[in-house]
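These are my notebook entries on one structure. I record below what I looked up, entry by entry.

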Amino acid sequence: MSENKQLIITIGRQFGSMGHKIAHQLGKELDLPVVDKDLLFLMAENHGFDGDFLKNYDEKPVNRWTSGEARGMSNSIEKVLADMIFKYQSDLVATGGSFIFVGRCAEWNLRGCGNHIRIFITADDDARIAHIAELRELSKKDAEALMHKMDKRRKNYNHSHGNKHWGETENYDLIVNTSDLGLEGSVEVIKNYVNVWKKKNSIDTDD
Amino acid sequence: MILAKIFAVIIFLTMFYLIVTERFERHKTTLVAGAATIIVVFLACMRSFGAVWRSLNLYSLVTLGFWYGGGESASGINWATIIFIAGMTVMVEGMGHAGFFSWLCLKIAKLVKYRTVPLLICFMLMSAFLAMFIDSITVIMFLASVTITLAATLKFDPIPIILAEIFCANLGGSATMCGDPPNIIIGTALGYSFFDFLLNTGEIVGVALIFVVLYFFLTMRKPLLESEKNRPDDIVYPNPSDSITNKTGFIGAIVVFLIVVALLVTHSMTELSVATIGVIATILTIISTCIAYNPKTMGEIFRKVDYKTLLFFVGLFIVVSGLEETGCLEVVAHFISKLSGGNIMIMIAIILWISAIFSAIVDNIPFAATMVPVIQAMAASAGVPLETLAWTLALGTDIGGSATPVGASANVVGTSLSAKSGHPITWGKYCKYNAPATVIVIAICMVMLFIKHT
């Protein structure tokens, strides 16, 4: 049993579906570190980048018209950043620890790493618009526009890095709609799933 | 024939679109487009096996003129370009493996006592000089890497130097026949020698380089000098000799390089074709590597050769031959001739600026390959010296590529290395410095072409 301690959870999410909050709540309850936007700042520290500058390129698709490739290298900052993120994700997994990865193509990048649960968080449009409007202090119209823009961006980001089935059923082990369940209910459902999965696969993440 | 023309243009435009947007690897795009040209244009529409045979151009490989004595066919796959590039790549990989480039960069840095402004000027000149003989991607790969290492040690911002190195690599490449792929295509297709280029494009580049060094000195001096003030006292400077992985291999690589440079400089006298020089470069590298290391190392070097680029050329030349066989390029040539009203100055201006603008946005290799038959037709129909148009095309395509981060492969490699090291170069930052430099150099080229050729 002691050899089978690692558990990798990747959480893909639609914009405004509470994916970020769910990941952090789940991390707290399962006692697992959550790798989210903060990884940008960790990477920035390691590579001498400006973390705030990197935020402008995070989860953005590669623009085919303004980027070029030569000898496997790209001038696209989005692509360079994404490659660094993927390497960072893989390096973390290679440490043998258990993690929850939020977005950033992790479900695709870490495919085949073993003990990997792929989750996708979704919600009805109305619920997402209300959530975005409240969180960002926007009108419903602006919140809706932002929701569509960000969903499109995330989809294109995943597509441009090979994850062609982002948000589609075949890509995930569990898809949760948070509209009715809310934050607590959704975390409960996922936690139950993870516990059953762990039991079935003889995973023991507790030290 | 009309149908063949339409399909040839459709295939060409689709290929160009796919190359620019990089939806697929570009060698796959050109190979599929090449196959489509053979099947649809040559066989289905023209019903001409002769056109297929001419586009594959395999017969040229068994002619004496291909290897010795000159006389390259401009039609179909330009095998001389492909063989020469392959040979030079093997040689350059051998040099890189021995640590030659890193040693050279660090040696120069040491000679200027690691002061940033002299470093900027020396690296610019070295970038231009090396790019005259070897491909600019390799030049930038090593120069930018050493610049980044030095920047980390000496605590300065490497971006100004990398931008200047990129510009000079493209500029230096335009000075000779082997410096940049468009020049190799133009030189082999039209039968010009290394010296022909050096005396024409080289002379213009020499003048432009003075202005470029001055330009980058004036624009980059301040931030570099400021960063020098923050330099810590307890720096451990890198030792150039540490870059050398194998002394025998290192000496062998330099000897091979010098022999190849000598062969290139004298090839109009020895009458050895560039394809032969490419083969000699490969054989000498194999011998040198096997003596210094072992055959296994040779395998490593061969694996590093960019076969995808060579395949890219094969497909591209077939597609361009589709336009040529169907007479599409003659239409373009007549259009440009008509637009210029037969005035050579207008012709130079049109070809120079159009190729520069085009190359700033898209890959300059397909453009140059397409334009070679166009300028041939223009020279024949308008009675303009072909040489004039060839130098104009070479300068426009090579230098125009410097204007944007995607204009040339060296730009992509330089900006990518910079970003990976924590110094991202945005489009805005790149264009702010290198686009005005491109405009200045193209203007200088235009004036000098006017003076020399009208």
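Which residues of β1(A) are buried on one side, and which on the other? I find I8(A), T10(A) and G12(A) buried on one side and I9(A), I11(A) and R13(A) on the other, so both faces are covered. I call a residue buried if 20 or more other C-beta atoms lie within 10 Å of its own, exposed if 12 or fewer, and partly exposed in between, with C-beta atoms placed from the backbone.

I note that this is a predicted model, in which local features need pLDDT of at least 70, side-chain atom pairs count only at pLDDT 80 or more, and totals for chains, interfaces and linings use all residues. Residues are numbered from 1 along each chain as its sequence is written, and chains are lettered from A and ligands numbered from 1 in the order in which they are written.

Strand pairing. I took helices (H or I, at least four residues) and strands (E, at least two) as DSSP runs, numbered from the N terminus, and counted strands as paired if DSSP finds at least two bridges between them. β1(A) runs parallel to β5 (residues 99-102) of chain A over four bridges, with I11(A) opposite V102(A). β1(A) is also parallel to β6 (residues 116-122) of chain A, through six bridges, and T10(A) faces R118(A) there.

Helix α4(A). I looked up residues 77-94 of chain A: the 18 residues reach 25 Å from first C-alpha to last, close to the expected 26 Å (1.5 Å times one less than the number of residues). Its buried residues include I77(A), L81(A) and V93(A). Just after the helix, G96(A) takes a positive phi of about 90°.
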